[in-house]
Amino acid sequence: MTAELITDASVASSLATADPKSRILAAIDIGTNSVHMVVVRINPELPAFNIVDAEKSTVRLGERCPQTGNLTAEAMARAIAALRRCLDMAKIWNAEQVIAVATSATREAPNGKDFIKEVEAQLGLQVDLISGQEEARRIYLGVLSGLEFNHQLHTIIDIGGGSTELILGDGHDPRFLSSTKVGAVRLTAGFVTTDPINNREFDRLQAYVRGMLEWPLEDLKAKIEPGETVNMVGTSGTIESLIRLDAYASAGAPPATLSGYILTLERLQALNQRLRKLSFADRCKMPGMSERRAEIILAGGVILQEVMENLGMTQIQSCSRALREGIIVDWMLNHGLIEDRLRYQGSVRQRSALNMAQKYRVNLDNARQVAQFAVDLFDQTRGTLHQWDARERDLLWAAAILHNSGHYISHSAHHKHSYYLIRNGGLLGYTDAEIEIIANLARYHRKGAPKKKHESYQGLGKLERQTIDQLSALLKVAVALDRRQINAIQGLYCAFNPVERELHLTLIPARAEDDCSLELWSLEYKKACLEAEFGIKLVVRVGSTCNTEVFSAVR
């Protein structure tokens, strides 16, 4: 079994009842362009959720009758068929509730409420019609569940088929929420008739977008205090497609995960200039581009460029979570599963790592013990053996929590399986580069040191390789210290002798009579990488006592 979404019905059914404490929920977003659904397994104890399945259908509900503005019978039929498939999937997973919301196309159409009634009549599914501001609020909740803000102000943009949502927030209540009637489907239908688009239509498209977004952007900027710096985050299909195109253009392949990918304004401008010169047929030939997305991608690119230029943003970071995940978070808040939203948002990375560990049935007692040893070693050798900072400490902690996740596949070569699961398992709050480091650290928690011939290691930059070389050496020692997985060692104390280049490691056993012989044997086997990497000799002793003040401060 891999980290990918489960699609086999029998497997899904068995997994749906695997953990009696978990709860299965489905969330559906009926948008202008597509119908999306995610099925999630909620872990109430963390609290967190995993996306276990997903469905997307491009239905173009926003292709309304030009004369009346009504949703067409054909579009409604496509949407209802897609919703029926979603309900079938939710039933396979034994979802306790299916929450569906409809957005721009449905709320603007004169017959939007009739469509909602028809959905309930045919499928028994209740659909909530939400306002643009409520849509923006739930997008904000979704992003908060997948990205740590660290009290830093962020502008979030979500470009849909019929509208664009803009949000300003720092993890607290949002300072600004807006929804503007500019979307990729709407603009393509209203402004693009030539192929490739001619200069006159392109200029009109740009001018319209600029005019429509002028006031929302001015209102957003008014909420930014003097001296505050703002980061920018983008969500949903249009931005993900632009990022995928940029990745193909710059690296020849899409990133392993789109979440955390950085797209610069300069590269976006170049991409838009390229897209405007291509015909629809040529856009379809671009790597990673579907026909449906090729129709509307230029309009989406124009919207994003206008917002970034207006706000003076030089880059945007992608986030894989948006409205659907926000629906889940809102449900969890309303059902008392999240008591403190700020605390929930402030631990996205840690919670995601622990959630993944539970998903792959890692022994969390052992994982936490190894992680504690790893960060103790990191803290006590910082400034002597290494100069890494809080970021690298956090990556080491996550790798220690997840180092044994590969056992989920097989004990044999489990360190290699750990790399694959971490790399593709959807860790939240980390950039793609950080996930690569975490996965490699777990990959090298056992066996030999990293080698350039290893595929997962050879393509990395010098700094990333150095990070992995040094932190994996610390992780190997931490793993050795819990060899029996019985918490035999309650703490450690490091002292460095720079003259002799010796690191003296004192181990404090949990029981005075325990000689920790198996841990000492494992250390003897694993210390070679540490000694070679840092050019030191590791001297280990088992002590009965240590400096209490120092030990307490370290722990």
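Trainee: Which residues does D170 touch, not counting residues up to four places away in sequence?
Mentor: This is a predicted model. D170 sits in the loop between β7 (164–169) and β8 (176–180). Leaving out residues up to four places away in sequence, D170 touches Y140, F149, H151, Q152, L153 and R175.

Trainee: Which side chain of opposite charge is nearest to D170, and how far away is it?
Mentor: D170 is buried. Even so, D170 has no salt bridge. The nearest side chain of opposite charge is R175, at 4.0 Å.

Trainee: With which side chain does the side chain of D170 make a polar contact?
Mentor: Look for a polar contact between two side chains here. At 3.1 Å from the side chain of D170, the partner is H172.

Trainee: Is N43 buried or exposed?
Mentor: N43 lies in strand β2 (residues 34–43). Its relative accessible area is 11%. Buried means under 20%, so N43 counts as buried.

Trainee: What lies 3.0 Å from a polar atom of the side chain of N43?
Mentor: Start with the contacts of N43 beyond four places in sequence: A48, N355 and Q358. Then turn to a backbone atom. At 3.0 Å from a polar atom of the N43 side chain lies the backbone nitrogen of E45.

Trainee: Which residues touch the most other members of the largest nonpolar core?
Mentor: That core has 63 residues. Apart from it lies another core, of 45 residues, including F176 and L220. In the largest core, the residues touching the most other members are L427, L505 and L530.

Technical notes:
Residues are numbered from 1 along each chain as its sequence is written. This is a predicted model: local features need pLDDT of at least 70, side-chain atom pairs count only at pLDDT 80 or more; totals for chains, interfaces and linings use all residues. Side-chain values use heavy atoms; hydrogens and water are left out. Helices (H or I, at least four residues) and strands (E, at least two) are DSSP runs, numbered from the N terminus. Buried means under 20% relative accessible area, exposed over 50%, partly exposed in between (1.4 Å probe, protein chains only). Lys and Arg count as positive and Asp and Glu as negative; His and the chain ends are not counted. A polar contact is a pair of N or O atoms within 3.5 Å; within protein, one must be able to donate a hydrogen and the other to accept it, and residues adjacent in sequence count only if both atoms are side-chain atoms. Contact means heavy atoms within 4.5 Å. A nonpolar core is a set of buried Ala, Val, Leu, Ile, Met, Phe, Trp, Tyr and Cys residues joined through side-chain atoms within 4.5 Å.
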